[in-house]
Amino acid sequence: MAPPSIRSIASVPELPKTAVVACLNADSSGNSELLRKARRAAQESDGEFYAVLVDSPHTRFGRVEAGTLLDDVIRASYFGAKIVRLKSSDVVGELIQFGRQSRVGRIFITRTQPRPFLRAFGRSIYSELLSRSEGFRIDVIGFERAN
């Protein structure tokens with residue numbers, strides 16, 4: 001049998017994306033649930049598990065939020081996540097770029113209220129990620145409102 005040609009090697013389908021990302025949010029009290037669900041998905045797919053925090057010029061939080069976020073990073077590490085800190089003014093673009101480079105198939109986020117200046121323009125990270133996330137499954141962890 002002849003060895004495979006370059007053409008046949010190039011036509012081999014790409015390996016499936018199995019990595020899972022949990023996007024930590026300094027403004028969210030839902031990071032614990034987010035991490036649990038993302039960890040479970042990573043275990044089910046036998047893929048890498050990343051906990052990602054994207055810093056932007058608009059990221060501002062006080063001592064309480066910083067302490068809560070540190071607790072979440074420690075919890076993510078305990079769950080076996082690789083901790084990744086990205087810096088960019090384009091949060092969604094940076095997250096998508098990381099996802100493509102790291103063979104991510106699923107991204108878990110929490111839905112939070114957009115900041116007032118973004119709300120004025122009808123933008124939120126949540127809606128922007130959904131509109132730009134071709135090739136990724138986006139899992140939104142939300143919270144039921146009490147009636």
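1. A word on terms before the rest: buried means under 20% relative accessible area, exposed means over 50%, and partly exposed is in between (1.4 Å probe, protein chains only). D46 belongs to the loop between helix 2 and strand 2, and has a positive phi of about 55 degrees although it is not a glycine.

2. Some housekeeping. This is a predicted model, where local features need pLDDT of at least 70, side-chain atom pairs count only at pLDDT 80 or more, and totals for chains, interfaces and linings use all residues. Residues are numbered from 1 along each chain as its sequence is written, and side-chain values use heavy atoms, with hydrogens and water left out.

3. Now the overall layout. The chain has six helices and five strands; these are DSSP runs (helices: H or I, at least four residues; strands: E, at least two), numbered from the N terminus. Along the sequence they come in the pattern α-β-α-β-α-β-α-β-α-α-β. Of the 147 residues, 39% count as buried.

4. The five strands form an open sheet in the order 3-2-1-4-5, with parallel pairing (two strands pair if DSSP finds at least two bridges between them). Strand 3 and strand 5 (137–141) are at the edges with a single partner strand each, so one side of each has no neighbour in the sheet. Neighbouring strands are turned by 25 degrees against each other on average, direction ignored; axes here are lines fitted to C-alpha atoms, for helices over the stretch in contact, and angles run from 0 to 180 degrees between N-to-C directions.

5. Strand 1 and strand 2 are worth a look. They pair in the parallel sense over four bridges, and A22 stands opposite A51 in strand 2. Helix 2 (residues 31–45) packs on the sheet and touches strand 1, strand 2, strand 4 and strand 5, a contact being heavy atoms within 4.5 Å. The direction of helix 2 makes about 180 degrees with that of strand 1.

6. What about the inside? In soluble globular proteins, nonpolar side chains tend to be buried together. A nonpolar core here is a set of buried Ala, Val, Leu, Ile, Met, Phe, Trp, Tyr and Cys residues joined through side-chain atoms within 4.5 Å. The largest one has 20 residues, of which V21, V52, I107 and L129 touch the most other members. Helix 4 gives the most to this core, with five residues. Another core, of 18 residues, lies apart from it and has L34, A41, A42 and A51 among its members.

7. I107 also shows who meets whom. Leaving aside neighbours within four places in sequence, I107 is in contact with V21, C23, L95, L129, F136, R137, I138 and D139.

8. D72 in helix 3 (residues 63–78) is one to click on. Is D72 buried or exposed? It is buried, with a relative accessible area of 5%. The D72 side chain makes a polar contact with the side chain of N31 (2.8 Å); such a contact is a pair of N or O atoms within 3.5 Å, where within protein one must be able to donate a hydrogen and the other to accept it, and residues adjacent in sequence count only if both atoms are side-chain atoms.

9. Phi of R103 is near 60 degrees, a positive value in a residue other than glycine, and R103 is partly exposed, with a relative accessible area of 32%.
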